[in-house]
Amino acid sequence: MARVPSSAVAAAGLVGGYAVARWTKKRPLGGVVLGAAGVMAGREWHRRGGAPVAAGLGALYVAGFAGSHPLAKKVGAWPAVFAAAGVVAATTWAVADRG
């Protein structure tokens with residue numbers, strides 16, 4: 001069975017976490033989605049590149065989540081979430097999935 005690229009999991013976690021929080025009006029539920037995807041992606045990052053890669057990409061994932069909040073005030077919520085997810089996905093693909 002083919003594996004889902006960790007870049008797709010990370011991007012889906014950011015977008016899906018926001019979508020769940022917005023549509024259910026339950027921010028903690030969105031956090032569960034965000035966290036679950038982060039753990040899944042982090043396990044793959046660790047498997048592929050060890051602790052340094054997992055730590056770096058994990059920090060980027062958290063920064064993408066945090067950075068989308070102030071960006072949303074300038075460009076809107078959905079564009080900010082998609083921008084953060086795109087940066088995280090592209091970086092993750094280059095560092096962990098490309099090989």
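Select Arg-48 to begin: with a relative accessible area of 38%, Arg-48 is partly exposed (buried means under 20% relative accessible area, exposed over 50%, and partly exposed in between, with a 1.4 Å probe and protein chains only). The model is predicted, so that local features need pLDDT of at least 70 and side-chain atom pairs count only at pLDDT 80 or more, while totals for chains, interfaces and linings use all residues. Residues are numbered from 1 along each chain as its sequence is written, and side-chain values use heavy atoms, with hydrogens and water left out.

**The salt bridges**

Arg-48 forms a salt bridge with Glu-44, and their closest N and O atoms are 2.7 Å apart (a salt bridge is a side-chain nitrogen of Lys or Arg within 4 Å of a carboxyl oxygen of Asp or Glu). Because Arg-48 and Glu-44 are four residues apart in helix H2, about one helical turn separates them (helices are DSSP runs of H or I with at least four residues, strands are runs of E with at least two, and both are numbered from the N terminus). Glu-44 itself is buried, at a relative accessible area of 11%.

Next, select Arg-47. The side chain of Arg-47 meets that of Glu-44 in a salt bridge of 2.7 Å, N to O. Arg-47 and Glu-44 are three residues apart in helix H2, which means that about one helical turn lies between them. Arg-47 counts as partly exposed, at 49% relative accessibility.

Then select Arg-3. A salt bridge of 3.2 Å, N to O, joins the side chains of Glu-44 and Arg-3. Glu-44 lies in helix H2 and Arg-3 in the segment before H1, so this pair ties together parts that are 41 residues apart in sequence. Arg-3 is exposed, with a relative accessible area of 57%.

Show the four residues together: Arg-3, Glu-44, Arg-47 and Arg-48 are linked in a network of salt bridges. The structure holds three salt bridges.

**The helix pair**

Now select helix H2 (residues 27-75) and helix H3 (residues 77-97). Their axes come within 8 Å and cross at roughly 165 degrees (axes are lines fitted to C-alpha atoms, for helices over the stretch in contact, and angles run from 0 to 180 degrees between N-to-C directions). That makes H2 roughly antiparallel to H3, a term for angles over 145 degrees. By class, 18 nonpolar, four polar and two charged residues make up the contact of H2 with H3 (Ala, Val, Leu, Ile, Met, Phe, Trp, Tyr, Cys and Pro count as nonpolar, Asp, Glu, Lys and Arg as charged, and the others, Gly among them, as polar).

**The aromatic rings**

Finally, turn to the rings. A search of the whole structure finds three aromatic pairs (rings of Phe, Tyr and Trp, the last by its six-membered ring, pair if their centres lie within 6.5 Å; planes under 30 degrees apart count as stacked, over 60 as edge-to-face and the rest as tilted). Select Tyr-18 and Trp-78, an edge-to-face pair at 4.7 Å centre to centre, with 80 degrees between the planes. Tyr-18 is in helix H1 (residues 6-24) and Trp-78 in helix H3, 60 residues apart, and the pair links these distant parts of the chain. Tyr-18 is partly exposed at 23% relative accessibility, and Trp-78 is partly exposed at 22%.

Key. Parallel < 35°, antiparallel > 145°, perpendicular 65-115°, else oblique.
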